[in-house]
Every structure is written in structure tokens, then in C-alpha cells.
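Here is a quick tour of a protein model, written for someone new to reading structures. Have a look at it first, then we'll go through it topic by topic.

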Amino acid sequence: MAVSPLIRSGFEKYAEGGSEIGVAAVKDLFLVNLIPLRHPVVVALFDEVRDKTSFTLEEVRDLFCKAKQQLAGYIDRLELFEKYDTNSDGFISREDMKICLRDDEYYKEEELDTVIDLVMLFGDVNKDDRLNYREFVRMLKDVPLE
């Protein structure tokens, strides 16, 4: 897949003749392309590459493509994610989940920790004890939201 001229020129500006740019520069390129950094899709993408300190042009292109693909058609699941992300930090923590499950009144108080443990066991792919948007959507992929 070709790299857009805007991404290429921005990359070249930040790379200053080199072959890689840092995380801050990648985030700047997202902003220039009107991709909101606080959007749960974008937070999840950067969470997945949190150990990387630099990116090649091809890696930047791949991140942009993933963001564009995942931003399309996210509304229903995003609304549900935002409901469960009670502190709006881009992640659903155990405490966030407990607040929402308690408010939903579907589970008894003594069941909450067990339910949350199971959700984290199956949903928390990177084992950081919270769900990012991609992990959340992956869990819901076969669940109808109507």
C-alpha cells in the first residue's frame, strides 16, 4: 500500500534524513491528519506499541491504516466502551467495570469480582489488568449490540 504524500512529507521532516522517527513525531502526524489521540482506538493502537521508541515510514503507514480501518463503524461499541471507561482515560480498569456492573444491577455484589476476573482472563490480551478499546471490541466481536 502506498504512503500518502502528507504522511511521507511529515515523516521526512521529522526524520531529518534518518530512517525512523520517535513516538512524539508519530503522534504529531496523527494530529496533523485529524486523527484524535484521545480516541480509544488510537489509545489502544499506541498501547500495543508502547515498547517501541521509533518507527519506520512503513510502520507509521501501517499504524495510520489500522487507525482508519478501526475508526470506521465503531459508534455502538465506542458508546459502550465510553460507558465502561468511567474516568475517560481510554482504558476500562477493574474499578471502572465494577462501577458499571454495579449500576447495571445485573449481577449480585458478591458476583462482581468473579465476573471481572473472567472478563480480564479472556479479554486482557496484554495482561496489564485493564482493557483497551481493541481488547474490548475483540471480546464483543460476536455480541450483537441491538
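Let's start with Arg134: leaving aside neighbours within four places in sequence, it is in contact with Ala44, Leu45, Glu48, Lys66 and Gln70, where contact means heavy atoms within 4.5 Å. Keep in mind that this is a predicted model, so local features need pLDDT of at least 70 and side-chain atom pairs count only at pLDDT 80 or more, while totals for chains, interfaces and linings use all residues. Residues are numbered from 1 along each chain as its sequence is written, and side-chain values use heavy atoms, with hydrogens and water left out.

**More on Arg134**

- Arg134 sits in helix H8, which covers residues 133-140; helices (H or I, at least four residues) and strands (E, at least two) are DSSP runs, numbered from the N terminus.
- Is Arg134 buried or exposed? Its relative accessibility is 17%, so it counts as buried; the cut-offs are under 20% relative accessible area for buried, over 50% for exposed, and partly exposed in between (1.4 Å probe, protein chains only).

**The whole chain**

- The protein chain has 8 helices and 4 strands.
- Going along the sequence, you'd read the pattern α-β-α-α-β-α-α-β-α-α-β-α.
- The chain has 146 residues, and 38% of them count as buried.
- Take the contacts with a separation of 6 or more: 56% of them are between residues 24 or more positions apart.
- The accessible surface is about 8,900 Å², and 53% of that belongs to carbon and sulfur atoms; such areas come from the Shrake-Rupley method with a 1.4 Å probe, and for residues, only the protein chains shown count as cover.

**The nonpolar core**

- A nonpolar core is a set of buried Ala, Val, Leu, Ile, Met, Phe, Trp, Tyr and Cys residues joined through side-chain atoms within 4.5 Å.
- The largest one here has 37 residues, and those touching the most other members are Ile21, Val26, Phe30, Val60 and Met97.
- Which elements give two or more residues to this core? They are H1 (5-15), H2 (23-32), H3 (40-48), H4 (57-71), H5 (75-84), H6 (94-104), H7 (112-123) and H8.
- Zoom in on Val60: not counting residues up to four places away in sequence, it touches Ile7, Phe11, Ile21, Val26, Leu29 and Phe55.

- Ile7, Gly10, Phe11 and Ala15 are the buried residues to look for in H1.
- Down the axis of H1, its buried residues fall within an arc of 130°, so they line one face of the helix; the arc is that of the directions from the helix axis to the C-beta atoms.
- As a rule, an α-helix has 3.6 residues a turn, so residues three or four places apart point the same way.
- Pro5 and Lys13, on the other side of H1, are exposed.

- Arg94 belongs to helix H6 and is partly exposed, with a relative accessible area of 28%.
- Although Arg94 and Met120 are 26 residues apart in sequence, their C-alpha atoms are 8.3 Å apart in space.
- Not counting residues up to four places away in sequence, Arg94 touches Ile116, Asp117, Met120 and Asp129.
- With Asp117, there is a side chain to side chain polar contact at 2.8 Å; that term means a pair of N or O atoms within 3.5 Å, where within protein one must be able to donate a hydrogen and the other to accept it, and residues adjacent in sequence count only if both atoms are side-chain atoms.

**Aromatic pairs**

- The whole structure has 4 aromatic pairs; rings of Phe, Tyr and Trp (its six-membered ring) pair if their centres lie within 6.5 Å, with planes under 30 degrees apart counted as stacked, over 60 as edge-to-face and the rest as tilted.
- Phe30 and Phe64 make a tilted pair, 4.4 Å centre to centre with 35° between the planes.
- That pair links distant parts of the chain, with Phe30 in H2 and Phe64 in H4, 34 residues apart.
- Phe81 and Phe136 are edge-to-face, at 5.4 Å centre to centre and 70° between the planes.
- Phe81 is in H5 and Phe136 in H8, so this pair ties together parts 55 residues apart in sequence.
- Ring pairs also join Phe30, Phe46 and Phe64 into a cluster.
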